[in-house]
Amino acid sequence: MGFAQKAPIADGVGEVGGVLAPNVVVALDALRSAITVFDACERLTYASQHFNHMFRNLPHRETLIGLSYEEMIRMEIAHGELADAEAMGGVEAFIAARRGQFRDGVYAPRDVRLADGRILEIKTRRTPDGGWIALWSDATQARHLLSRFEDTVELSADAFAFWDGRDRLIHCNDGFAKFHGLPVKAMQGQSFEQLLRASVARGRYAIDGSADGWIERRLEAHRAPAGALTVVTAAGAAFLVRDRATRDGGRATVFTDVTDHHRVEIVLGEQTRALETTRKALEKSHDKAKRQASYLSDLTRKLDAAEAEADTAKTALLRTMSHELKTPLNAIIGFSDLLKSAPGQFKPEQIGEYAGLIHLAGHNLLRLINQILDLTKIAAGRFALKRAAIPAGATMWAASDSHSVKAEEKNIAVEIDCEQDLMVDADEAALTSMLSCLIDNAVSFTQAGGQVRMSAERGDGVVRIAVSDNGPGVPQKDLARILEPFEQVGRGTADHAHGAGLGLPLVKALVELHGGSLTVTSGDGFTAVLELPAA
């Protein structure tokens, strides 16, 4: 529903006698963001329908017309809409900061945290008649995704840094900041060359020869499509620095601590020279020196083999994660930049389509990060289960419902067969996650018009839940591989991998954490069976 209200519009489009035309009101009400319009005295003249969805405890938007922005903020506080932390510096200071957006030249967006955990982003613009237009958007998922991405980077023992197309620092972890001896905020926005020269000037590196020559070699490695260079700090620590070009025109830098290997190389060189001197001076100790040299040579080969194996594993992980993280991030950034650059040029259905793509990419990224974090917690023994008696049938129906739309789009029939009153001793969230992953795999790989079947039966003290489909199968030689992280094996005629290869490994880890097991078989289709303790 929409209703006509008097409101200043920036360019007059859609106005009929100073009143918003009905089609404009309908279009504004269809947005997933709220629009509010204020006159030159900061009094509300229009609020779109989504405003009451943003602030669920406030009176209906029609009753707010005529209130000042300050009165609306105080109403937010009085109705318990805001998080307690928002006004920690004092109510008046908080109100003054919010009103500060209604000033010429103040166009920076502002985040406001609500009591229910949501985060709203407020953007304001001046209208030609001296009033203001405010755009209220739900930024909760974007902020949480950024926070989780930063947490994921911090989990690495390496130092990370990301640079934009102009080679300016846009993000780094604490390891990178400690390496340069500066706080993260002080480094952001500076170019790579500025930070490099400043670090050299402060004596952070151990440089052999000309400082200018060393800087040029480091810059050359950084600017190469795939550069690598070993640097040594003034404290004696050695780091293998890898630089790579990113798909958005920027660069990524990774510092890996290779101090032990570097010291072994130094010791090896010193030992080799000592052995040569001893051989010439003491012919009688030739056999002993030869055995020592053989031992050192064997040690070097083992170290090189271990390093090569570690580099191969890390390269595979980084290659997989780089693609899987960047793909949804590029979609989010690309479509949001498109909407931000020219918001008035798009029709509501276009905005809805782009928002849907952003939403889908965000969900894919969130699912990937959650899978990584869950696998990390399980590996570290920090995944706590909240076990209870869970109805198997209800859980199966709930997991199936979350994929019903996707199944209907492909005309796939989903059947569920479960014994009555069948209870499982499990963590409800973990069980739902396992079933959702198995159903998603089945629907994704089953061809249009196919069939997915879920069943549950009681065993000897256990409950067996099976998810099967009649889509392309998996070769027998690959059945063990698909249960390993980051292993992506096509099914039958499918010519592409699905996901990052973390779904089945996560299901296997969760069911084993319950003391159960996961079994996969393939023939005319694919079947996965969860065996869990019965309640």
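Colleague: How do the axes of helix H9 and helix H10 cross?
Modeller: This is a predicted model. In it, the axes of H9 (residues 192-201) and H10 (residues 211-223) cross at roughly 145° and come within 11 Å. H9 passes H10 in a right-handed crossing.

Colleague: Which residues make that contact?
Modeller: From H9, they are Phe192, Glu193, Leu196, Arg197 and Val200. H10 supplies Ala211, Asp212, Trp214, Ile215, Glu216, Arg218, Leu219, His222 and Arg223.

Colleague: And how do the residues of the contact of H9 with H10 divide?
Modeller: Seven are nonpolar, one is polar and six are charged.

Colleague: Switching to H4 and H5. At what angle do they pack?
Modeller: About 130°, with the axes 10 Å apart. H4 covers residues 69-78 and H5 covers residues 91-99. That angle makes H4 oblique to H5. The crossing is right-handed.

Colleague: Which residues meet there?
Modeller: On the H4 side, Tyr69, Glu70, Ile73, Arg74, Glu76 and Ile77. On the H5 side, Val91, Glu92, Phe94, Ile95, Arg98 and Arg99. By class, this contact has six nonpolar, six charged and no polar residues.

Colleague: Where does Ser68 lie?
Modeller: In the loop between helix H3 (61-64) and H4.

Colleague: Is Ser68 buried or exposed?
Modeller: Buried, because its relative accessibility is 12% and the cut-off is under 20%. Leaving out residues up to four places away in sequence, Ser68 touches Glu42 and Arg43.

Colleague: Now the largest nonpolar core. Which residues touch the most other members?
Modeller: Leu431, Ile465, Leu518, Phe526 and Leu530. The core has 42 residues.

Colleague: Which elements give two or more residues to this core?
Modeller: The helices are H14 (392-401), H16 (428-445) and H17 (503-513). The strands are E15 (423-427), E16 (451-458), E17 (462-469), E18 (517-523) and E19 (525-533). H16 gives the most, with nine residues.

Colleague: What is Ile465 in contact with?
Modeller: Setting aside neighbours within four places in sequence, Ile465 contacts Met396, Leu431, Leu435, Ser455, Ala456, Ala528, Val529 and Leu530.

Colleague: How many residues are in the second core?
Modeller: That separate core has 24 residues, including Phe51, Leu82, Phe94 and Ile95. Phe94 and Ile95 are also among the H5 residues that meet H4.

Colleague: What do nonpolar side chains tend to do in soluble globular proteins?
Modeller: They tend to be buried together.

Conventions. Residues numbered from 1 in each chain as written. Predicted model: local features only at pLDDT ≥ 70, side-chain atom pairs only at ≥ 80, totals over all residues. Heavy atoms only, no water. Axes fitted to C-alpha atoms, helices over the stretch in contact; angles between N-to-C directions. Helix = DSSP H or I, 4+ residues; strand = E, 2+ residues; numbered from the N terminus. Parallel < 35°, antiparallel > 145°, perpendicular 65-115°, else oblique. Left-handed = near helix turned anticlockwise from the far one by under 90°. Contact = heavy atoms within 4.5 Å. Nonpolar A, V, L, I, M, F, W, Y, C, P; charged D, E, K, R; others polar. Core = buried A, V, L, I, M, F, W, Y, C linked by side-chain atoms within 4.5 Å. Buried < 20%, exposed > 50% of the residue type's maximum accessible area, 1.4 Å probe, protein only.
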